[in-house]
Amino acid sequence: MKVQDIATDIDLDREQIISDYRLGWLSRHASLLGRKEVFMGKAKFGIFGDGKEVAQLAMARAFKPGDWRSGYYRDQTFMFAIGQSTVQQYFAQLYAHTDLEAEPASGGRLMNGHFGTRFLDDNGEWQSQTNQPNSSSDISPTASQMPRLVGLAYASKLYRENPALKEYEQFSINGNEIAFGTIGNASTSEGMFYEAINAAGVLQVPMLVSIWDDEYGISVPKEYHTTKGSISEVLKGFQRTDDEAGFEIITVRGWDYPGLMEAYSKAEAYCRDEHVPVLIHVKEMTQPQGHSTSGSHERYKSKERLEWEAEYDCLRQMRYWILEQELATEAELDEIEKETQKAARDAKNAAWKAFTGDIKGELNEAVGLMEKLAGESADSDTLNSLIKELKETMNPIRVDVVRTVKQALRVVRSEDLQSRRDLQQWLADAMEANEKRFSSHLYSESEDSALKVEIVEPQFDDEAKPVDGREVLQACFDAALTNDPRVFAFGEDVGKIGDVNQAFAGLQDKHGEIRVTDTGIRECTIIGQGIGTALRGLRPIAEIQYLDYLLYAIQILSDDLACLQYRTAGGQKAPLIIRTRGHRLEGVWHSGSPIGMILHSLRGIYVLVPRNMTQAAGFYNTMLRSDDPALIIECLNGYRLKESIPTNIGEFTVPLGVPEVLREGTDVTIVTYGSMCRVVADAAEQLDEIGISCEIIDVQTLLPFDRHHSIVESLKKTNRVIFADEDVPGGASAYMMQKVLEEQDGYFYLDSQPVTICAQAHRPAYSSDGDYFSKPNTETVFDTVYELMSEVAPEKYPDIY
């Protein structure tokens, strides 16, 4: 069958076309071989980009150094085409090779097809982004690449429109960079997709989204996914007109090589020159091997559909077109397909050899030590049996070696042998190395780590008049915006009115809308906007208006930002500051303290819980000097409380993981944070009147928590401890208890049962009464402490009620 003639406005030379055909087939063979490797047991799982090759080749032609990709796990051809992945690296990821030289995208931490470029050096410092193609690190959850994509594109707008950023040429050249996004058609059903499309249309940013449409989402056909069965039809209302801004929407067929080249050439011009977002709906794509190695598409596709996919395979149609245009002979194309098959196989073999070679060296060393041990042990038969089993293991991995060594050491646990000590040392070294391979870089390990920021104490003028707490923050943000042109703040109501609590009041007028700006009600893409701009060297402060609304963005925070440094093994960073306010206000959706949820889902983001606005300002200063992301939770009921503005408002810092003793005492230690500090302090005053002395400790930060184990020193003195907060039972209070009693061995110093003070299991009811009976209050703290002391001295502290 011959492809229809298609008129194009672009010139395609033979060398480029043949080069594309060659690379397309190289990628296809990598997909075909990858599936076989999984079925042979050499890899755990495989998901491939076959059927998407030609469209990705066209997209790569429009992609320039400095541009950004935020895509998904079928983009291998594109990554090969822009020179940011090789076939050998592709297979190294399939095998989970932990060597960054072999697998630079993630060091074996991500399943295959998850791409990303390294734009940090070995010290965690920024490298130039403008002289290389850039890819943000992929994540698996469908459509989760979209919020970040908005931010990557928005950064170009900021770099173009803010003259003060012109000097940062390692990050942008006049905002000329396009952010390319890719997504499967089924994933466009996700709310994140629609939210991102709307945000980009409002912002008018250079975002080029490609939708790979093969008409299925695993086994589910398009009629279950998309109204009218076509996402471009659904989004027609976003099409820009002569009078109204919006998207440029282009449709093209995934097997039409010249049509794709023309589509991407036009899209690039719209994006790069005009900063107009573009959506390219690439239809009639195929997926020759089905969704992944977890199943066969023959189970759910009709015979007719499979026949159509075979005929309209993009590489087959490209071959027809090349022959029709007389650009090559059948023999020449046959030779290309044969050569690329061999090249893919050679790359696969090289990747496997390198992967197994690393492990083989460790295995041989361990076997040698175990054989020496067997020669000296009284239980040599058991040891030799373990050694034999390990040697005969097909395709051994590190867990096989470590598990065998541990079994061997259990056998000889009572024998005093040097060979046993040598094997113990091998195991200790192996576990340390594996800790680095699999558990490093949860947070920054660079010299700019938040944990290494110099401590600068706040300075105060004794004659200064106390002001509302929100004015302390206002002064802090003003200083940050003045001192660093990369700093900008955005969120719902942040701009014109200066946020709902007025900490940004007047700052938009002073610094401009490009620096302090409002957004729509779209928490998910507010965070994405922050992630993308932080990836590009800016210093965003993204506001989530209330802590309860963090739920809208918790998935993106957890799956993308929190694990970014970890999943790239230190190759990427996004030092985003998320500002929000929580704890006490009114009602079910404005009084939340879901701290347990946050702690358990956001490891990789520091969680800072200041008790007042001066502490909050110090945390903002600390984080703006670091390269870590952080969530800073201000106290909702603290904006009108009086504080003094430090004279060094833009300079002083508060260290992370360093609790502060607010009140010294001898009878019981109360560990708390945030708004509860005032509640506990009031109760402590009342308890002091009846002879009970409380020591109050404000942890200040929950992630990290008491880095130097100072809280246990208080327990040594009081021998009793209460953990108090506003979360549900078993939430953050249980977290704090575990950190102090288990991690710091605090249990050893207790004379009484440890106690937690929490909110009710339900959300807070409305009104002052609702707050009182839903959340811990002064009486709650008083009664809990009194009951604890009554158990110790019932005669001195008899029942009250």
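## Strand β13 and its partners

In this predicted model, strand β13 pairs with strand β15 (residues 630–635). The two run in the parallel sense, over 6 bridges. Ala542 has Ile578 of β13 as its bridge partner.

## Helix α8

Helix α8 has 18 residues, 257–274. How far apart are its end C-alpha atoms? They are 25 Å apart. At 1.5 Å a residue, the helix should span 26 Å, so the two values agree.

Look at the ends next. Asp256 caps the N-terminal end of α8. A side-chain oxygen of Asp256 lies 2.9 Å from the backbone nitrogen of Gly259. Just after the helix, His275 takes a positive phi of about 55 degrees.

An α-helix has 3.6 residues a turn, so residues three or four places apart point the same way. The buried residues of α8 include Tyr264, Ala267, Glu268, Cys271 and Arg272. Tyr257, Pro258 and Gly259 are also among the buried residues.

## Aromatic pairs

How many aromatic pairs are there? The count comes to 31. One of them joins Tyr546 and Tyr549. This pair is edge-to-face, with 5.7 Å centre to centre and 85 degrees between the planes. Tyr546 is buried, with a relative accessible area of 13%, because the cut-off for buried is under 20%.

Phe705 and Tyr735 also pair. Their ring centres are 5.8 Å apart and their planes lie at 80 degrees, so this pair is edge-to-face. The pair links distant parts of the chain, 30 residues apart. Phe705 is in the loop between β20 (701–703) and α23 (711–718), while Tyr735 is in helix α24 (residues 732–743). Both Phe705 and Tyr735 are buried.

Ring pairs can also build a cluster. Here they link Phe80, Tyr90, Phe91, Tyr95, Trp352 and Phe355.

## Charges over rings

Which ring does the charged end of Arg240 sit over? It is the ring of Tyr270, and the charged end is 5.1 Å from the ring centre. Lys301 lies over the face of Tyr216, at 5.2 Å from the ring centre.

Technical notes:
Residues numbered from 1 in each chain as written. Predicted model: local features only at pLDDT ≥ 70, side-chain atom pairs only at ≥ 80, totals over all residues. Heavy atoms only, no water. Helix = DSSP H or I, 4+ residues; strand = E, 2+ residues; numbered from the N terminus. Expected span 1.5 Å × (residues − 1). Buried < 20%, exposed > 50% of the residue type's maximum accessible area, 1.4 Å probe, protein only. Polar contact = N/O pair within 3.5 Å; in protein donor to acceptor, adjacent residues only side chain to side chain. Phe/Tyr/Trp six-rings, centres within 6.5 Å; stacked < 30°, edge-to-face > 60°. Lys NZ or Arg CZ within 6 Å of the ring centre and 35° of its normal. Pairing = 2+ DSSP bridges.
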